[in-house]
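Subject: Model handover and findings

Hello,

Here is the model you asked about. My notes follow below it.

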Amino acid sequence: MSDPSHIFNYLAPAKVNLCLQIGRKRADGYHELASIVGFTEFGDSLTIKLSRTDQLVLRGQFSAHIDSKTSENLVMKAIQILRDHNHNIPPLEITIDKQIPVGGGLGGGSSDAATTFLALNEIFNLNISKTNLSDMALKIGSDIPVCLNRHFVIMRGVGDKITTLSDSGLSNYIVLANPNSIVSTRNVFEEFDKSTLQENSEWLIKSRDLTQLLTGGNNLQESALKIYPEIGLLLNTMKTLCPRDRKTGLFGPQMSGSGASCFALFEDKKTADMFCRKIQQAGYWSVSTKFMSNF
């Protein structure tokens with residue numbers, strides 16, 4: 001950073017699990033999974049500048065839902081692990097404009113941390129390879145490595161095996177919605193582990209067929225709806241309001257990740273924007289956006 005007064009701005013895109021297949025719990029407590037993941041032009045904003053001491057500033061629509069304890073924030077953990085690996089990172093002030101719903105299945109915290117890794121690698125010319133960044137990211141969160149990407153990927157293992165998709169075959173436009181709920185991922189997985197659903201998805205986790213994965217849906221959705229019925233109400237509203245003449249593609253509205261956010265895909269911006277307004281009029285948080293792509 002040659003100019004200490006310079007301010008750097010970065011987008012931390014929302015992560016959407018377009019499908020999510022979960023296997024049995026492993027001995028280490030994690031689940032094997034398979035998911036097609038996309039990233040949107042909508043997300044949080046990170047502002048980075050030099051400071052006398054490390055500072056974390058939280059603002060934005062969902063900032064009140066974030067634990068303000070600096071040491072527990074994934075962004076600050078990302079900075080610290082870079083320092084632990086002998087990278088000379090000076091004191092920084094990081095401002096997070098929190099627009100992604102917290103606990104909403106859109107990877108907001110993980111995307112913020114991943115963006116921090118990418119930003120500091122660029123700003124301070126650290127020359128850390130993508131593989132090494134991913135290894136560091138995995139140490140502070142299993143969802144962070146995938147968020148180092150800005151295009152469609154397929155994610156396997158415990159989230160650490162990532163393959164780029166040059167063509168997902170999916171629509172460009174997406175509407176995100178949330179029932180104004182914060183979901184506990186742990187509680188959803190505990191409910192999932194009680195069910196027999198996992199026994200039916202082992203074959204799909206190893207599948208290489210994108211259509212099979214997409215039409216397999218989200219294994220966590222049924223479990224999440226048992227604990228958070230408001231997600232089901234949102235999905236029913238989305239299905240009711242969805243234009244009957246639109247190209248529905250492989251599936252209709254469904255949940256992302258462990259919830260509570262849901263999504264619907266569209267072929268054009270006008271239809272997506274119109275659908276988004278209807279969801280907002282029904283009393284839900286919603287945004288209309290499009291997928292990012294490096295291709």
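Phenylalanine 62 is buried, and tryptophan 285 is buried too (buried is under 20% relative accessible area, exposed over 50%, partly exposed in between; 1.4 Å probe, protein chains only). Phenylalanine 42 is likewise buried. This is a predicted model: local features need pLDDT of at least 70, side-chain atom pairs count only at pLDDT 80 or more, and totals for chains, interfaces and linings use all residues. Residues are numbered from 1 along each chain as its sequence is written, and side-chain values use heavy atoms, with hydrogens and water left out.

**Aromatic rings**

Rings of Phe, Tyr and Trp (its six-membered ring) pair if their centres lie within 6.5 Å; planes under 30 degrees apart count as stacked, over 60 as edge-to-face and the rest as tilted. By this rule there are four aromatic pairs. One of them joins phenylalanine 42 to tryptophan 285: tilted, 5.8 Å centre to centre, 50 degrees between the planes. It links distant parts of the chain, with phenylalanine 42 in strand β3 (residues 31–50) and tryptophan 285 in strand β11 (residues 285–290), 243 residues apart. (Helices, H or I of at least four residues, and strands, E of at least two, are DSSP runs numbered from the N terminus.)

Phenylalanine 62 also pairs with tryptophan 285, this time edge-to-face, at 6.0 Å centre to centre and 75 degrees between the planes. Phenylalanine 62 sits in the loop between β4 (55–59) and α1 (74–84), 223 residues from tryptophan 285. Phe42, Phe62 and Trp285 make up one aromatic cluster.

**Salt bridges**

A salt bridge here is a side-chain nitrogen of Lys or Arg within 4 Å of a carboxyl oxygen of Asp or Glu. The whole structure has eleven. Among them is aspartate 44 with lysine 98, closest N and O atoms 2.6 Å apart. Aspartate 44 is in strand β3 and lysine 98 in the loop between β5 (92–97) and α2 (108–123), 54 residues apart. Both aspartate 44 and lysine 98 are buried.

Arginine 83 bridges to aspartate 54, again with closest N and O atoms 2.6 Å apart. Arginine 83 is in helix α1; aspartate 54 is in the loop between β3 and β4, 29 residues away. Why does aspartate 54 count as partly exposed? Because its relative accessible area is 32%.

Lysine 226 meets glutamate 191 at 4.0 Å, N to O. Lysine 226 is in helix α7 (residues 221–227), glutamate 191 in helix α4 (residues 185–194). Lysine 226 counts as exposed at 51% relative accessibility. Glutamate 191 counts as buried at 17%. Shared partners also join Arg26, Asp28 and Glu32 into one salt-bridge network.

**A buried arginine**

Which charged side chain is buried yet has no salt bridge? Arginine 150: the nearest side chain of opposite charge, aspartate 112, is 8.3 Å away (Lys and Arg count as positive, Asp and Glu as negative; His and the chain ends are not counted). Arginine 150 lies in the loop between α3 (130–138) and β6 (153–157). Its side chain makes a polar contact with the side chain of threonine 115 (2.9 Å). That term means a pair of N or O atoms within 3.5 Å; within protein, one must be able to donate a hydrogen and the other to accept it, and residues adjacent in sequence count only if both atoms are side-chain atoms. The backbone oxygen of cysteine 147 is 2.7 Å from a polar atom of the arginine 150 side chain.

**Overall**

The chain has nine helices and eleven strands. Buried residues make up 53% of its 295 residues. The C-alpha trace spans about 55 × 45 × 35 Å along its principal axes.

Best regards
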